[in-house]
Amino acid sequence: MLIPLPERLREHVARAASPVPAKDAATIAVVRDGADGIEAFLMRRQSSMAFAAGMYVFPGGGVHDDDFGSVDWVGPTPEEFGERLGCARDLAHALVVAAVRETFEETGVLLAGPDADTVFGDTTIPEMTRAREDLEEHRLGFAEFLRRDRLVLRADLLGVWAHWITPAFEPRRYDTRFFVAALPEGQRINSVSGEADRSLWAPLTRVLERVDAGGAAMMPPTVTTCRELAEHRADEILTASTKRMVAPIEPRIVEVDGELYLQTDSQEHL
């Protein structure tokens, strides 16, 4: 697919010849079924942020060194995630942990529970709010948090959806795996990370109309993911994720009739 190159990126085009390394990152599209179809939880990043300022994004962030450490885990193994993600077992483990940790820090959605058959309920209670703050301020590690509260990471609630790499000409680059998860029963979101100046549950058909009309800003990976998710129901999203072929997508600049575009096909088609 070809997307007109945004004006804000044109000044960085020359950087493609010597790109900065892409950092590993993970994000989760948390979805639920609403009156107007499937909804996703979106956050608008503060205009002061160095990356994706003013853009609507899914919760997520970079992989930390601690994310490679051992955690109590149920569901598909790191090896199985590695096969789906196209990476080594250790990195797959860290990506899943980072996705769950960042989503909890930023939104309070927690894909963990006391055992393999249950999930934590209301995460807006004071104890969980303090845990989120401690995690975000690095006073508490995620593995330590799970052990302390006798919780296990519910990897079975997480589906692999896509793999996007920031274009070579961007000043900050991320190698991001996109996951999907339905909002766990009993959980709700009442506060988000300070990195966002707005957050909402957005019916995807409506938010895409706003994006297409220029009323909301999203980066190509988020727009594409929203379009794909809009074709499904939240209660079938994990099943849908298992049927996807996940290949890395690294948009590149192409020139067509003298105009610059981003080409967003997967690498196997470039």
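Strand β2 (residues 23-34) and strand β3 run antiparallel and are joined by 4 bridges; helices (H or I, at least four residues) and strands (E, at least two) are DSSP runs, numbered from the N terminus, and two strands pair if DSSP finds at least two bridges between them. The model is predicted, so local features need pLDDT of at least 70 and side-chain atom pairs count only at pLDDT 80 or more, while totals for chains, interfaces and linings use all residues. Residues are numbered from 1 along each chain as its sequence is written, and side-chain values use heavy atoms, with hydrogens and water left out.

Between β2 and β3 lie 2 residues, and the two strands form a hairpin. Within this pairing, Val-31 stands opposite Ala-40 of β3. Strand β3 also runs antiparallel to strand β4 (residues 56-57), to which 2 bridges join it. There, Arg-44 is opposite Tyr-56 of β4. Strand β3 (residues 37-45) is largely enclosed by the rest of the structure, because 7 of its 9 residues are buried (under 20% relative accessible area, with exposed over 50% and partly exposed in between, for a 1.4 Å probe and protein chains only).

A further sheet is open, with 3 strands in the order β6-β8-β7 and mixed pairing. Its edge strands, β6 (73-74) and β7 (112-113), each pair on one side only. Strand β8 (residues 152-154) pairs with β7 in the antiparallel sense over 2 bridges. Here Ala-112 has Leu-153 of β8 as its bridge partner.

Turning to the helices, Glu-105 lies in helix α3 (residues 89-107). Glu-105 is buried, with a relative accessible area of 7%. Apart from neighbours within four places in sequence, Glu-105 is in contact with Arg-132, Leu-135 and Glu-136, where contact means heavy atoms within 4.5 Å.

Helix α6 (residues 204-212) packs against helix α7 (residues 220-229) at an angle of about 145°, and their axes are 9 Å apart. Axes are lines fitted to C-alpha atoms, for helices over the stretch in contact, and angles run from 0 to 180 degrees between N-to-C directions. The contact involves Leu-204, Leu-208, Val-211 and Asp-212 of α6, together with Val-223, Cys-226, Arg-227 and Leu-229 of α7. Of the residues in this contact of α6 with α7, 6 are nonpolar, none polar and 2 charged; Ala, Val, Leu, Ile, Met, Phe, Trp, Tyr, Cys and Pro count as nonpolar, Asp, Glu, Lys and Arg as charged, and the others, Gly among them, as polar.
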